[in-house]
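Me: I'm new to this one and would like to go through it slowly. Can you show it to me before we start?

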Amino acid sequence: DIFHVKMAEGAISDLDRGEMIVDRQVAKDKGLAIGDRVKVTSLSGRSGSYRISAIGDEPVLLGSYTLHKADADALTATPTDFLVGLTLDKGRSVEGMRPALKKVVRQYPTMKLSDRDQFTGSIVAQIKQILNVIYALLAVSIVIALIGITNTLSLSINERTRELGLLRATGMTRDQ
C-alpha cells in the first residue's frame, strides 16, 4: 500500500510465508519461474526452501530476492528491518510529523529518516557518484592517450633526425 512496486509477473501481495519474490533479471539469468523452489542458506548457516510466488521488476526496493519477514527473521541470527514505510493520515504533513519521527528514529542509529523525495534523491545520488567515477576514469584514459601520442611523435622526430644525420655522413647531399 505504501510503495508502488513494479512487478514483471504476479503481485507483491502474492508473497506469503514459505515463498519468495525474485528479481526479473535474476530469474532470467538463472532460468527461474513462478512455482520453482529455491534453497537459501544465510550467513548464519540457517537454510530454507522457498517457492517463487512472483517476479519483481524493482531491484532498488526488493533487491534480488525478497522473503516474507517471518522467513527472513528465521534465517538470521539477529533479525533487523531494512526498510520501514509509513503513510500519513489525511491532513498531516511530512514536515509536521518529522520531529516526532526523529525522536523515534534517534533510538536506532542505523536508521535514516527520509521522505519519498529524499529516498529517490539518495538513489539518484548513488547513480551520479558511479557516473562521476566513470567520468574520472575516462579523463585519466584521455590524459594517458595524449601522453602516448606526444611520446610517439617526439620519438619519431628524434629517430628521423638520427637517420638523416647518418645518411648525410655516408655522402648523401641535402637535396637527395
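**A walk through the salt bridges, sheet and pocket**

Reply: The side chains of Arg98 and Asp115 meet in a salt bridge at 3.2 Å, N to O, where a salt bridge is a side-chain nitrogen of Lys or Arg within 4 Å of a carboxyl oxygen of Asp or Glu. Arg98 lies in helix H4 (residues 94–105) and Asp115 in the loop between H4 and helix H5 (116–169), so the pair ties together parts that are 17 residues apart in sequence. Helices (H or I, at least four residues) and strands (E, at least two) are DSSP runs, numbered from the N terminus. Please keep in mind that this is a predicted model, in which local features need pLDDT of at least 70 and side-chain atom pairs count only at pLDDT 80 or more, while totals for chains, interfaces and linings use all residues. Residues are numbered from 1 along each chain as its sequence is written, and side-chain values use heavy atoms, with hydrogens and water left out.

Me: Are Arg98 and Asp115 buried or exposed?

Reply: Arg98 counts as buried at 12% relative accessibility, and Asp115 is buried too, with a relative accessible area of 19%. Buried means under 20% relative accessible area, exposed over 50%, and partly exposed in between (1.4 Å probe, protein chains only).

Me: Which residues are linked with Arg98 and Asp115 in a network of salt bridges?

Reply: Glu95 is linked with Arg98 and Asp115 in that network.

Me: How many salt bridges does the structure hold?

Reply: The structure holds six salt bridges, and one of them joins the side chains of Arg24 and Asp57 at 3.0 Å, N to O. Arg24 lies in helix H1 (residues 24–30) and Asp57 in the loop between E4 and helix H2 (59–62), so this pair ties together parts that are 33 residues apart in sequence. Arg24 is partly exposed, with a relative accessible area of 40%, and Asp57 is partly exposed as well, at 27%.

Me: What about Asp73 and Lys69, and where do they lie?

Reply: Their side chains meet in a salt bridge at 3.2 Å, N to O, and both Asp73 and Lys69 lie in helix H3 (residues 69–75), four residues apart, which is about one turn of the helix. Asp73 counts as partly exposed at 24% relative accessibility, and Lys69 is partly exposed with a relative accessible area of 44%.

Me: Staying in H3, what does the side chain of Asp71 reach?

Reply: Asp71, which is also placed in helix H3, has a side chain that reaches the backbone nitrogen of Gly18 at 2.6 Å. Asp71 counts as buried at 7% relative accessibility. Not counting residues up to four places away in sequence, Asp71 touches Asp16, Arg17, Gly18, Glu19 and Tyr50, where contact means heavy atoms within 4.5 Å.

Me: Changing topic, which strands pair with E4?

Reply: Strand E3 (residues 37–41) pairs with strand E4 (residues 47–56) in the antiparallel sense over five bridges, and two strands pair if DSSP finds at least two bridges between them. Strand E1 (residues 7–9) is joined to E4 by two bridges and runs antiparallel to E4, whereas strand E2 (residues 19–23) is joined to E4 by five bridges and runs parallel.

Me: Which residues are the bridge partners in E4?

Reply: Among them, Ser49 is the bridge partner of Lys39, and Ser47 stands opposite Thr41. From the other strands, Met7 stands opposite Gly56, and Ile21 has Ala54 as its bridge partner.

Me: How many residues lie between the strands in the hairpin of E3 and E4?

Reply: That hairpin has five residues between the strands, and Gly45 takes a positive phi near 95° there.

Me: How many of the residues of E4 are buried?

Reply: Seven of the ten residues of E4 are buried, so E4 is mostly covered.

Me: Last one: which residues lie nearest the centre of the largest pocket?

Reply: Phe3, Leu83, Val84, Gly85 and Ser114 lie nearest its centre, among the 35 residues that line the largest pocket. On a 1 Å grid over the protein atoms alone, a pocket is an open set of points where a 1.4 Å probe fits, with protein on both sides within 12 Å along at least five of seven lines, and lining residues have an atom within 4 Å of a point. H2, H4 and H5 each supply at least two residues of that lining, and H5 gives the most, with seven residues.

Definitions and conventions
A polar contact is a pair of N or O atoms within 3.5 Å; within protein, one must be able to donate a hydrogen and the other to accept it, and residues adjacent in sequence count only if both atoms are side-chain atoms.
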